[in-house]
There are 2 protein chains.
Amino acid sequence: MKTDDYPSRTGEPARLIPRQDPVVYAPQGAPPPISQADIDQFEQRGFMVLHKLLPEREVAALEQASAQLRKHLQHEHSQETITEPGSHEVRSIFRIHETSPVFKQLARDKRLAGLARYLLNDDVYIHQSRLNYKPGFCGKEFYWHSDFETWHVEDGMPRMRAVSMSITLTDNIAENGPLMLIPGSHRYFAVCEGITPENHHLASLKKQEYGTPTETCLKTLVEQGGLASTVCEKGSVIVFDCNTIHGSNSNMTPFPRSNVFFVYNALSNQVVTPFCAQPPRPEHLCARQNIEPIPMEISQH
Amino acid sequence: MKTDDYPSRTGEPARLIPRQDPVVYAPQGAPPPISQADIDQFEQRGFMVLHKLLPEREVAALEQASAQLRKHLQHEHSQETITEPGSHEVRSIFRIHETSPVFKQLARDKRLAGLARYLLNDDVYIHQSRLNYKPGFCGKEFYWHSDFETWHVEDGMPRMRAVSMSITLTDNIAENGPLMLIPGSHRYFAVCEGITPENHHLASLKKQEYGTPTETCLKTLVEQGGLASTVCEKGSVIVFDCNTIHGSNSNMTPFPRSNVFFVYNALSNQVVTPFCAQPPRPEHLCARQNIEPIPMEISQH
C-alpha cells in the first residue's frame, strides 16, 4: 500500500510534519507576472495581497452580478447554495465558474489564471469556486483550518500544488471579519485528530468540527509566524497557498463582507480516491468529472 | 405616573431619541485630573483610551490575582461566576471589588475613582464590578448594546450618570476581539424592541437577545460616527460612558483577552425600582443594598 505523505484524521496523534512539496513551482529564472517581491512573500509567508488589482468599474460589475445571484438563489433549496446558520441570508454559492458567465470569465482572467499557472508551473483548472457573502450584523466566524487538509482527506487531492484566490468585492476592515492567516503555516502539515464522519461536508460548510488543527499546533505556528489580517480595499486579490492555515472572526458590523473565491489546481494534481474512508464529496465542492483546463491567454486586459 | 425619559422594551417601536443628560458633569473651569483633550474626546465620542496608565509591575500583579481567582472559581457553581458557553473556562467573575482585596484597592484607586468623581461631579460607588476573561481559540462575541439600557430597564438606574472603566490585563490586538464602540452613540438612546422576560440576566450574560438596538438604529449610528476598535497595550484603561454602544467580536486567536471592569455610578443616581415589570437583578449585577461611597484620596500613587 502506498504511504500517505499527509496523513490526517487517521487516528494518529495531532502534530506538525514538514511540507513535502514546493510552494512556488515556477522554474528559477522564469519571469514572474507580478513583482518578484510579491512572489517571494508568497513563498515565505504562504500568501500575498495584491491591493486593488481590479479597477473600480470591474468591481462594481462583479458586485452587481454577485448581488443578483444571491437574490436569485436565496430561496433555492440546493446543495450549491449555503445559507447562514439561523437565517435565509446566502453565505456561499458554489460552482459559479460554470453557472455564471461573468464569473466564468473572471476565473479565466489572465491576471488570476496566469498567475496560478506561473506559481504551479502547470496547466490549471478550477478545483472549486464560490461566492462568499458574510452579511452585516450576523456573520459567523470560520475557525482555523488548512484547505489542503480537507481537499486531501475528503477529496483526494494528492499534493500541495493548488493556490486559492479571494477577490474582495467589499472593503475588508479590521472589524468586519477579514481573512486571517498564520504566516509560515504552509510549511507544515498539521495532522488533525478524529475520523471523518459520513457526509461531513453538509455540516462543515456551516461550522467545521473535523479537520481543524489542535490548539497546541496552532499555538506553535502562531509563535513562529504570528498572525496576519488581510485588511484591504475592494478589488484586491488575496492569493494563498492551499495549505496556509486561515480563518475569520465574526462580523457584527453593519458592513457585509463579500468575495469571490477560486481554487486553481495543477492539472497534474487532479484528485484521486479520497484519503479517508468516505465517498467523494459532490462535484460542486471538488471538480472530479468536469476537469477543464483554463486556456492560456483567453482573456486580455 | 412619572414619565420615563428613556423608555425601552415597553412595546414601543425601536428608534433613536436624544440623550437628556450631560456627558461630563464637572463644572466649567474645574481642573481635570487628566488632559483636557482626553476629556473632550470622552465628551464628543463617548469614550477615551488612557494608554498604559498602569505600569507593568502593577499589571503583572493584577494579572496574577486574576488568574488565581479564575483558577479558584472554575468549578464553583455560583451566579457570580459565568463560564464560557460549552466549556468550563471562566468568562466573568462578578463583585470582585468586594470579594478580592486586590481589586477592592484598585476600584478605589485615585486614578480611576478620582476620574469618575470628576466626570460625574458627585461621590461615586461601584454599581457593578467584574473580571472578564475571553479565552483564546473559543472566546465568543458580545453583540452591540448600551449598558445603560439594561441598567435602566432591568436595574432601575434613573439617569445617564455612570461611567465604565475597563482595565486591560492583556494586550488588545485587532484580532483577539477588542472592545468596539460606536463613537457618538452615547448622545442617543436607542429604544429597544421586545419585552424583558423573567430572569433575563441568567441568559443575557452569555448571549444577549433583548436590549439590543435594531439593525436600523445601529446603521444610522455607524453612518454618523463610524466604528472604533480599542487596540491598546495591557495596563491601559478604556473609559466609556454608560450609554455608549459597544460590543466585541469573537476571539479565535491563541491570545486570551482579560480585563477588569468597574462601573462607577454617581451617588445621587442610585438605582430605584426597575423600569421593566420584573424583579430587580441580584446584588452582584447591580449594587442596591451595599452602596458604599468610595472615600476620596484613599489610595495614593
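Colleague: Let's start with charge pairs. How many salt bridges does the structure hold over all chains?
Modeller: The count over all chains is 28 salt bridges. Keep in mind that this is a predicted model.

Colleague: Give me an example. What does R9(A) pair with?
Modeller: R9(A) makes a salt bridge with E149(A), at 2.6 Å from N to O.

Colleague: And where do those two sit in the chain?
Modeller: They link distant parts of the chain, 140 residues apart. R9(A) is in the segment before β1 (15–18) of chain A. E149(A) is in helix α6 of chain A, residues 147–155.

Colleague: How many salt bridges run across the interface of chain B and chain A?
Modeller: The rule finds two there. One of them joins K140(B) to E141(A). Their closest N and O atoms are 3.9 Å apart. The cut-off is 4 Å, so that pair counts.

Colleague: How much area is buried between the two chains?
Modeller: About 2,100 Å². Carbon and sulfur atoms give 67% of that.

Colleague: Which residues of chain B lose the most area to chain A?
Modeller: F137(B), E175(B) and M252(B). Together they account for 35% of what the chain B side buries.

Colleague: And how many residues are in contact?
Modeller: 24 residues of chain B touch 24 residues of chain A.

Colleague: Switching to helices. How do α1(B) and α5(B) cross?
Modeller: Helix α1 of chain B covers residues 36–45, and helix α5 of chain B covers 110–120. Their axes come within 13 Å and cross at roughly 60°.

Colleague: What about chain A, where do α1 and α5 come in?
Modeller: In chain A, α1 is residues 36–45 and α5 is residues 110–120. The axes come within 13 Å and cross at roughly 60°. α1(A) and α5(A) are therefore oblique to each other, and the crossing is right-handed.

Colleague: And which side chains of chain A are involved in that contact?
Modeller: Residues Q36(A), I39(A) and F42(A) in α1(A) meet L115(A), Y118(A) and L119(A) in α5(A). They divide into five nonpolar, one polar and no charged.

Technical notes. Residues numbered from 1 in each chain as written. Chains lettered and ligands numbered in written order. Predicted model: local features only at pLDDT ≥ 70, side-chain atom pairs only at ≥ 80, totals over all residues. Heavy atoms only, no water. Axes fitted to C-alpha atoms, helices over the stretch in contact; angles between N-to-C directions. Helix = DSSP H or I, 4+ residues; strand = E, 2+ residues; numbered from the N terminus. Contact = heavy atoms within 4.5 Å. Buried area = accessible area lost by both parts, 1.4 Å probe. Salt bridge = Lys/Arg side-chain N within 4 Å of Asp/Glu carboxyl O. Parallel < 35°, antiparallel > 145°, perpendicular 65-115°, else oblique. Left-handed = near helix turned anticlockwise from the far one by under 90°. Nonpolar A, V, L, I, M, F, W, Y, C, P; charged D, E, K, R; others polar.
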